[in-house]
Amino acid sequence: MWERVQAVLDEAFARLGAVIAADLPGIVAMLIVLVSAIVAAFVIRAILRTVLTRVGFDRRARELGMTTRRDLGPRQEPSWIVARFAFWLVVVAGIALALEVLGASTMTAFGLSLLVFLPKLVVGALILLVGIGVARFLERSALINAVNQQIRQARLIALAVKWLVLVLAAAMALEHVGIGGELPTLAFAIVVGGIVLAVALAVGLGAREAVSRALDREARGEARPGEPGTPAPEDKVQHL
Amino acid sequence: MSLVLEPSSRPSEPSGPDVVVGVPAEPDRMAATEAALALETGLKEAFPGRPALAVVLTGDPNGAATPETALASAERDHPPAIYTGGHTGPQAALPTLLEIAVARDAPACALLQPLPRPSDPRWLRALLEPVLTGGFDLVVPSYARGRLDGVLVTGIVYPLTRALFGQRLRQPLGRELVLSRRLAQHLLSDTEWRTDPEHAGEDLWCVTKALAREVRIAQVFIGPRPRPAPQPSDVSEALARVLDILFHEMEVHAHYWQRVRGSEAVATFGEERLAEEPASAPAVAPLVDAFALGWRDLRPLWSSILPPQTLLALQRIPRTPPEAFRMPDAIWARVLYDFAVAWRFKLMERRQLLRSLTPIYLGWVASYVNEVGPLGPDAADERVERLCSAFEDEKRYLISRWRWPDRFNP
């Protein structure tokens, strides 16, 4: 009986040895790819960090309103965030490549789909990033201009501008990445359409009299408040 | 700088004039033509026997060959020369004038606005003599103003240039200048015409260059302004434009103004008189409202520019009643200095930064109107003097923030 057990074990170890011998090069190659990807990720992070700092990326991000404070922690500056994003991108790409190198059929399919998906994800993230910057810049612009025009709802206007741009950027990013199919575009169209309808209704119902007064003034050729001819009290200030 | 001068033909034009007076053709070329003709007559009467030239300066690349000019020339036997220099746009008048003055070797040149002038040419003599015979390099014409006229100049430009450069030039934002040949040559050779055309050629640019170069500067009071100064349709835009030039010049001349302490009077000719004023002062309630609205909505933005103690001081100013609204001079000076530092370090997009100052500026205007409204001319002057002293006292704060901005980080 022990001879039979011995024979079965020998056969099993032989088969295992054969499998290991067959797959070992793939595993070694996978490990090499993985380690190389991690090393490359560190190098890319360092290079990106240096280059972005040198070209004043943090300052420009601050000007755009993506950060509001100058005394951010040492690893919270926008250049660090971008460098860290690039680091993880390279690591994920390395894992996908490593799975491809391993050659296991399921793993290969997963790795391939990951490799195809990554560029779309990067561009989508870039669209979102630019969208956030533009949204915050326009929000600030709208806020300052509305306050200087003495509009009481300045914050509301600024918030609307910000979210409109953010929703547009998110819809564009999602559409590019391919998440949700036509849903983001449809959702965006519905949101914008709803806002336009709401504003139209609000102006039509709430400001009907003001609009009619303005049209009357226009028809009679009278000056509007604030125009030369009807000076507001504050216009009497001689600034220059 | 390339010298590109294209005058319309004038056979009787003096080849080596003692004085060149230029009038900007934009925005009203016909008015400029009229003004140049009147100035030419005035120059002949003011300086008999001395060759003088009055020209129209345009930034239009078509130069003298526009239909308007042709019409103006056809209507007159003796139309003024129209010069186009190597610059285009609304700021082209000054560099073109400098090019003409240097090319013609004129001892003095003047840039004057097309305004209706007194028939008596004594005002021209008063304006040009300091350069022609007094050895001055820059003369800034000053018009009689009311106590509440030109609050942007009184509240920002005058105290700031005075504190920075140590010269008490009362109206540095006049759009009119008289320059010596020496200063004209110096300005013309400045590299900023190429490197920074956005700022080069502005009146404040020219004045601050002269202040930083420590040339001899004089101001001449030439009576009431013939026509009220045009007011900006958008205050925040005007504020941003003026502050942008001022802060830019602060940055360029930082090595100079950090050494300047106190201030001294500049040579003054003529009598400073107050202009006639409207019976009522501007209403302050809308100005205080603008400040309160700005405080409510822009405070998060200001908190990245102003230190907490300044924000606290602004918060503590009582808004009601509007007639009691007072902004302390030291706080106003610090606010401007903090914005200058924020502009330097680009804490946010510069245009947005400068426009966001508008509510605080309107608050200061309300405070100034409240204080100066009931005062007489002498007391109003003393009030402006106190404001300027506050700017000079707070200059140490500016220097500290300019050198070590992070030490005061909000």
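Predicted model: local features only at pLDDT ≥ 70, side-chain atom pairs only at ≥ 80, totals over all residues.
## Overall make-up of chain A

Chain A contains seven helices and zero strands, and its elements, read along the sequence, follow the pattern α-α-α-α-α-α-α. Of the 240 residues in chain A, 19% are buried, while among its contacts between residues at least 6 apart in sequence, 62% join residues at least 24 apart.

## Confidence along chain A

The mean pLDDT of chain A is 80, with 85% of its residues at 70 or more. Among the elements of this chain, the highest mean pLDDT, 88, belongs to helix α5 (residues 154–177) of chain A, and the lowest, 74, to helix α7 (residues 208–220) of chain A.

## Helix α3 of chain A

Helix α3 of chain A runs over residues 78–102, a total of 25 residues, and reaches 36 Å from its first C-alpha to its last, which is close to the 36 Å expected at 1.5 Å a residue.

In chain B, V131(B) lies in helix α4 (residues 122–132). V131(B) counts as buried because 25 other C-beta atoms lie within 10 Å, where the cut-off for a buried residue is 20 or more.

When neighbours within four places in sequence are left aside, the contacts of V131(B) are with A108(B), F136(B), V139(B), V178(B) and S180(B). Across a separation of 87 residues in sequence, V131(B) and A218(B) are 9.0 Å apart in space, C-alpha to C-alpha.

## Packing of α11 against α15 in chain B

The axes of helix α11 (residues 285–302) of chain B and helix α15 (residues 358–372) of chain B come within 8 Å and cross at roughly 150°, and the crossing of α11(B) past α15(B) is left-handed. On the side of α11(B) the contact is made by L287(B), V288(B), A290(B), F291(B), L293(B), G294(B) and L298(B), and on the side of α15(B) by P359(B), I360(B), L362(B), G363(B), V365(B) and A366(B). The residues of this contact between α11(B) and α15(B) comprise 11 nonpolar and two polar, with no charged residue.

Definitions and conventions:
Residues numbered from 1 in each chain as written. Chains lettered and ligands numbered in written order. pLDDT = per-residue confidence, 0-100. Helix = DSSP H or I, 4+ residues; strand = E, 2+ residues; numbered from the N terminus. Buried ≥ 20, exposed ≤ 12 C-beta atoms within 10 Å, placed from the backbone. Contact = placed C-beta atoms within 7 Å. Expected span 1.5 Å × (residues − 1). Axes fitted to C-alpha atoms, helices over the stretch in contact; angles between N-to-C directions. Left-handed = near helix turned anticlockwise from the far one by under 90°. Nonpolar A, V, L, I, M, F, W, Y, C, P; charged D, E, K, R; others polar.
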